[in-house]
Amino acid sequence: MRRKTVVAVAIAAALLSATSLVVAQDKDKLAEKPKDFGAIPTRVIHMQTAFNPALPGSGEGVRIFTRTVKHMSGGTLAIKIVEPGRIAPTADMLDAIINGDLEAAFTWSGYAAAKAPVFGVFATVPFGPGPEDMTSWMLEGDGSRIHREAYEKLGVVGIPCGIQGAKGGGWFRTELNTVADFKGQRLRFGRFSGEVMTKLGATNVPLPPGEFFYKLQQGTVDGGEMSTPAIDAALGFDKLGLPYYMPGWQQPSAVLDFLMRKDKWETLSPMLRIQVETACRANIAWMLSRSPHLQGQAMEKLKASGVVIKEWSPELLKVFRTKSEIVLKETAERDPDFAAALANQRAFIGQSIDWRKMSRLP
């Protein structure tokens with residue numbers, strides 16, 4: 001198993017340069033079928049995405065992945081991108097895959113947590129692993145195995161196909177400096193962080209991503225998280241005139257998934273399956289290399305637009321961490337699969353804590 005992982009990571013690293021080459025080929029000239037493949041019919045997969053392909057980061061990752069697959073297969077496999085919500089609501093794409101209404105999906109692991117809490121370990125662990133550590137656990141540790149087995153229980157093949165970096169800490173209509181400031185606030189946060197907010201006296205307001213901007217603008221909600229700085233900037237949150245809090249303690253990293261129902265996946269030839277899996281690993285490598293510079297540029301853009309960047313106080317971060325541990329412990333007590341996955345993740349990352357401390361300059 002370890003040897004296969006090492007080989008796959010090496011292939012993914014090599015494909016990173018190939019992926020960059022594909023990005024530059026807007027007309028997909030490299031993805032055209034070579035003459036040797038002329039007799040092989042092109043297999044087309046319709047894949048709905050959770051992310052608008054026009055958005056930076058995760059949206060770009062959708063396009064890069066499909067281009068890489070087409071390039072690797074010599075045009076014998078083409079993945080057609082279906083816009084968000086076209087066939088099924090974004091949060092319901094997993095159900096649509098299971099029911100056979102959707103052929104494939106490119107999505108966020110967190111949407112699957114509605115069916116099994118274990119997926120939350122891959123999607124949004126407050127104060128959890130950053131993108132580098134998440135990738136290490138997924139590719140070198142047991143993360144991919146746990147991820148695969150969780151989807152297999154649903155009759156679905158789930159392949160890690162991207163690692164998103166940290167979200168911003170959120171946009172708020174009032175300053176939040178103490179625990180008392182959260183009381184009575186109407187905030188949009190995810191599952192675990194939403195429970196943390198509730199424990200601080202706020203009301204968590206579940207909202208689809210597309211509604212948050214307008215509700216915040218209208219004052220229907222008082223604040224909350226959206227996404228990464230690059231996506232927040234692309235969506236125009238800087239125009240609200242609100243302070244932007246950092247860091248995004250609620251989601252330091254997240255795994256993005258390629259999904260197909262198992263029986264449909266098995267209709268692909270073994271060669272095509274390997275190409276999809278390897279393209280996903282290349283996509284992870286590309287997202288890791290893209291994110292730091294992309295987010296840095298976004299932060300500069302936000303500042304230039306007049307956005308005030310505020311840092312959570314050490315006192316609040318300490319409270320967030322304490323409450324997060326309570327929420328995670330409560331979830332683990334209710335669900336043994338979640339408990340096992342979280343313990344596995346923490347044990348793996350814990351093995352390299354000393355190295356991280358000694359290898360990084362102060």
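User: Which residue of strand 10 stands opposite I159?

Analyst: Strands are DSSP runs of E with at least two residues, helices are runs of H or I with at least four, and both are numbered from the N terminus. In this predicted model, I159 stands opposite F258, and strands 4 and 10 (residues 254-261) run antiparallel, joined by eight bridges. Because the model is predicted, local features need pLDDT of at least 70 and side-chain atom pairs count only at pLDDT 80 or more, whereas totals for chains, interfaces and linings use all residues. Residues are numbered from 1 along each chain as its sequence is written, and side-chain values use heavy atoms, leaving out hydrogens and water.

User: In what order do the strands of the sheet lie, and why do strands 2 and 4 stand at the edges?

Analyst: Two strands pair if DSSP finds at least two bridges between them. Here five strands form an open sheet with mixed pairing, in the order 2-1-3-10-4. Strand 2 (77-82) and strand 4 (156-164) each have a single partner strand, so one side of each has no neighbour in the sheet. From one strand to the next, the twist averages 25°.

User: Which strands does helix 2 touch, and which does helix 11 touch?

Analyst: Contact means heavy atoms within 4.5 Å, while angles, from 0 to 180 degrees, are taken between N-to-C directions of axes fitted to C-alpha atoms, for helices over the stretch in contact. Helix 2 (residues 58-72) packs on the sheet against strands 1, 2, 3, 4 and 10, and its direction makes about 160° with that of strand 2. Helix 11 (residues 270-304) also packs on the sheet, touching strands 2, 3, 4 and 10, at about 20° to the direction of strand 4.

User: How many residues does the largest nonpolar core have, and where does this core lie?

Analyst: Such a core is a set of buried Ala, Val, Leu, Ile, Met, Phe, Trp, Tyr and Cys residues joined through side-chain atoms within 4.5 Å, and buried means under 20% relative accessible area with a 1.4 Å probe, counting protein chains only. The largest one has 75 residues, and F258 and F320 are among those with the most contacts inside it. Helix 11 gives the largest share, seven residues. Domain 1 (43-165 + 254-294) and domain 2 (170-251 + 298-352) both contribute residues, so the core lies between them; the domain bounds come from an automatic or database assignment.

User: Which residues is F320 in contact with?

Analyst: Setting aside neighbours within four places in sequence, F320 is in contact with residues including F182, M197 and W312.

How values were computed:
Buried means under 20% relative accessible area, exposed over 50%, partly exposed in between (1.4 Å probe, protein chains only).
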